[in-house]
Amino acid sequence: MASRTLPAGQLDDEALVGLSGEEAADRLVRVGPNALVEERRHVARRLASKLIGPVPYLLEAAVILELAAGKLTEAAIVASLIVFNGVLGFVQEGRAANALALLRRRLAVHARVRRDGRWQVVGAELLVPGDVVHVRVGDIVPADLAVRSGSVSVDQSVLTGESADVEVPPGGACYSGSTVTRGEATGEVTATGARTYFGHTAELVRTAKTASHLEETIFKIVWALLALDGALVVAIIAYGLVSGLSPSELLPFVLILVVATVPVALPATFTLATSVGALELARAGVLVTHLTAIEEAAAMDLLCTDKTGTITENRLSVLSVHAFEGHDEREVLALAAAASDDATQDPIDLAVLEAAAIAGAPRPGHRSGFVPFDPTTKRSEATLRIAGAELRVVKGAPTVVASIAADGGGGTKGLEATVTELAAGGARVLAVASGRDRLVLVGLLALGDPVRPDSAALVAHLGALGVRVVMITGDSAPTALAVAGEVGLGTRLGAVEDLSASRGGDIDFDVAAGVLPADKLALVERGQRGGHVVGMTGDGVNDAPALKRAEVGIAVSSATDVAKEAASLVLTGEGLSNVVAAIETGRRVYQRMLTYTLNKIAKTFQVSLFLGLGLLTTGAFVTTPRLVLLLLFANDFVTTSLATDRVGFSPRPDRWQVPSLSLAALGVALPWLAVSFATYFVGRYALQLGLAETQTLVFVMLVATGQATVYLVRERGHLWSSRPSAWMLAATVTDLVVVTVLATRGILMAAVPLLDIVVLFASLLAVSVALDFLKGPLLASVRTESTPA
């Protein structure tokens with residue numbers, strides 16, 4: 001970008017010559033731009049990643065075997081299922097990535113740099129080591145600097161987590177990403193890009209990753225179902241060898257048995273359900289950047305939260321006023337405000353002026369002189385004219401002010417003890433003195449980072465939801481414990497060595513102070529090793545590695561770009577109350593997916609056992625491969641409408657328990673298995689239908705029982721206890737109507753009379769009502785109490 005020359009004389013410090021333009025350009029080529037390299041994957045690679053996983057692998061194997069058997073139509077149908085799943089996941093996650101890119105778009109950071117003997121303004125990304133840079137109040141430090149002249153106070157909370165400003169004298173270091181809150185200084189760039197303190201912390205983010213519990217669950221479900229398939233295949237092959245069935249007859253049947261077992265629409269349904277949840281959260285002010293975080297939020301039982309900017313406001317405020325004998329609080333605030341000026345944009349001055357305005361403490365006279373705060377003298381000073389006389393007012397560090405002020409009486413005795421008491425909670429204490437002939441101490445101000453108004457209620461609400469909160473901060477222990485006590489957290493303090501991921505046992509503390517970025521990451525890892533699903537909230541660069549490692553990383557609205565990129569949820573509004581919304585939405589998504597998974601496992605048990613045992617007991621194929629593929633569309637993909645179902649949320653963290661899910665599903669499947677055999681035998685022998693017509697009747701029965709199972713398992717009470725979503729009802733009605741038309745018209749299957757289908761539907765409705773009264777014990781192992789939607 002083009003540089004801009006500053007007006008002559010705007011900045012001085014000619015002793016620091018800086019680089020020439022040619023030198024800077026040469027170094028830029030050698031060291032690279034002053035920016036963190038973004039990891040971007042090609043669109044093709046991102047799309048290909050959606051074709052990798054347990055379900056795609058099994059479907060891809062089925063496509064290969066179908067092609068080998070010459071079944072081109074069946075291979076095309078299975079391939080279309082793979083493409084549908086992949087494209088759906090790709091599109092939905094692409095929308096989340098685009099939303100994050102829009103969120104991160106902001107004005108470029110610029111820097112005042114001395115090159116070719118003159119001061120210029122250039123893009124911060126063009127800085128190189130050796131450049132001479134000038135910073136002043138309000139600037140974001142553009143690179144790591146060694147201060148050569150001047151002095152500044154900087155806010156490093158986004159880097160270290162400490163809310164207190166750090167004073168940097170000549171010879172000190174300013175780190176990239178910190179903000180200048182007072183003074184101005186000229187320094188030399190010592191590091192840029194990934195080599196800065198900011199960059200080193202950001203690099204930790206690249207290696208901080210965690211596996212999705214959703215992926216683990218899908219693996220477990222698929223392998224459990226394949227184990228069932230394996231046993232059936234062995235039995236069928238043995239039967240084929242004994243009965244003399246040819247391989248050309250057995251191979252299509254075995255292939256279709258595998259395809260029927262694989263939860264084909266499971267990835268698509270998870271993606272749809274989490275996408276619906278993401279839309280709900282967007283309306284609540286939460287941006288979802290990784291869809292799996294919604295599912296993980298349902299199981300989260302431990303939330304590690306940063307203090308500064310998360311529980312507190314990251315804003316300096318007057319917490320308390322202590323007036324010495326003979327003075328009152330309003331007088332102390334009025335005098336302190338007289339020794340402050342909003343033109344300096346000094347955070348302390350702004351906090352004092354705000355407190356004085358709220359207390360109704362106006363300046364006691366006309367100010368005829370003002371000396372702003374100087375880090376060298378550690379005080380500011382004002383001269384007031386009152387009734388023709390001058391009054392001197394001083395505000396600053398207690399030891400400095402006390403050294404130039406006289407004891408105004410017995411009220412100031414024990415000054416040191418009073419200062420210590422006020423500072424015990426981590427507050428910054430200032431003294432105020434005034435006088436005409438001599439200065440007299442009038443009072444003390446305690447300033448600190450106030451707790452957000454909603455933090456205490458948030459901690460209580462999270463506790464009621466079964467989520468334990470642990471506060472971690474770079475601040476001192478007294479400050480951390482004071483904040484923890486104010487918001488209702490426990491006061492068990494953990495030492496830094498307690499954070500190690502290698503330590504055994506549960507996390508037995510509520511607060512950790514003096515924490516470094518690597519310590520936060522270690523704490524998240526220790527929680528995960530202890531079996532917790534861990535959430536992490538934060539706003540600074542120092543939080544980013546832990547945000548990415550945690551199953552649920554939550555960046556607050558004021559977070560840095562690095563923190564937002566690392567997080568899976570980004571809050572766009574003030575406060576943390578939307579964390580509760582994320583948990584409740586996640587648990588609703590869990591309830592929807594629990595219904596889908598129960599239904600799918602139950603139907604897999606029913607269909608697989610019916611196909612396998614049907615061949616073994618009747619000596620005939622109870623349905624055809626084509627009808628089984630149609631069943632996948634009629635049941636699996638229609639039931640993706642569960643992603644929109646009206647559900648409540650459980651009051652405790654939800655966990656996927658595959659064994660209990662399988663047992664409950666088996667309990668539901670066995671009655672339907674009996675119905676399946678009854679349908680076959682009634683159609684074949686009672687109604688005297690041909691084999692092809694009986695296979696059609698069986699197909700209609702399998703579709704109808706699949707829909708009935710959805711409504712049976714979605715509600716732990718009676719199926720009429722809550723109203724399903726309109727999309728879900730519409731999908732069911734459409735499904736049954738389309739299947740009836742196909743069956744009665746003989747499209748893709750042998751035709752059967754409409755009356756037979758009507759009688760079948762009526763019989764299945766009666767069985768469904770009977771099962772509804774018996775399902776309680778069957779679903780007891782997966783029963784969860786729900787809050788009405």
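Which residue in S13 is the bridge partner of Gly 369? I looked this up in a predicted model, where local features need pLDDT of at least 70 and side-chain atom pairs count only at pLDDT 80 or more, while totals for chains, interfaces and linings use all residues. Residues are numbered from 1 along each chain as its sequence is written, and side-chain values use heavy atoms, with hydrogens and water left out.

**Entry on the sheet.** I found that the partner of Gly 369 is Thr 383 in S13. S12 and strand S13 (residues 379–386) pair in the antiparallel sense over six bridges; strands are DSSP runs of E with at least two residues, helices are runs of H or I with at least four, both numbered from the N terminus, and two strands pair if DSSP finds at least two bridges between them. I then traced the open sheet of six strands, whose order is S11-S16-S15-S14-S13-S12 with antiparallel pairing. Strand S11 (317–323) and strand S12 (366–374) stand at the edges with a single partner strand each, so one side of each is left without a neighbour in the sheet.

**Entry on the helices.** Helix H14 (residues 415–423) packs on this sheet and touches S11, S15 and S16, contact being heavy atoms within 4.5 Å. The direction of H14 makes about 15 degrees with that of S16, where axes are lines fitted to C-alpha atoms, for helices over the stretch in contact, and angles run from 0 to 180 degrees between N-to-C directions.

**Entry on Leu 765.** I placed Leu 765 in helix H25 (residues 754–778), and I noted that Leu 765 is exposed, with a relative accessible area of 56% (buried is under 20%, exposed over 50%, partly exposed in between, with a 1.4 Å probe and protein chains only).
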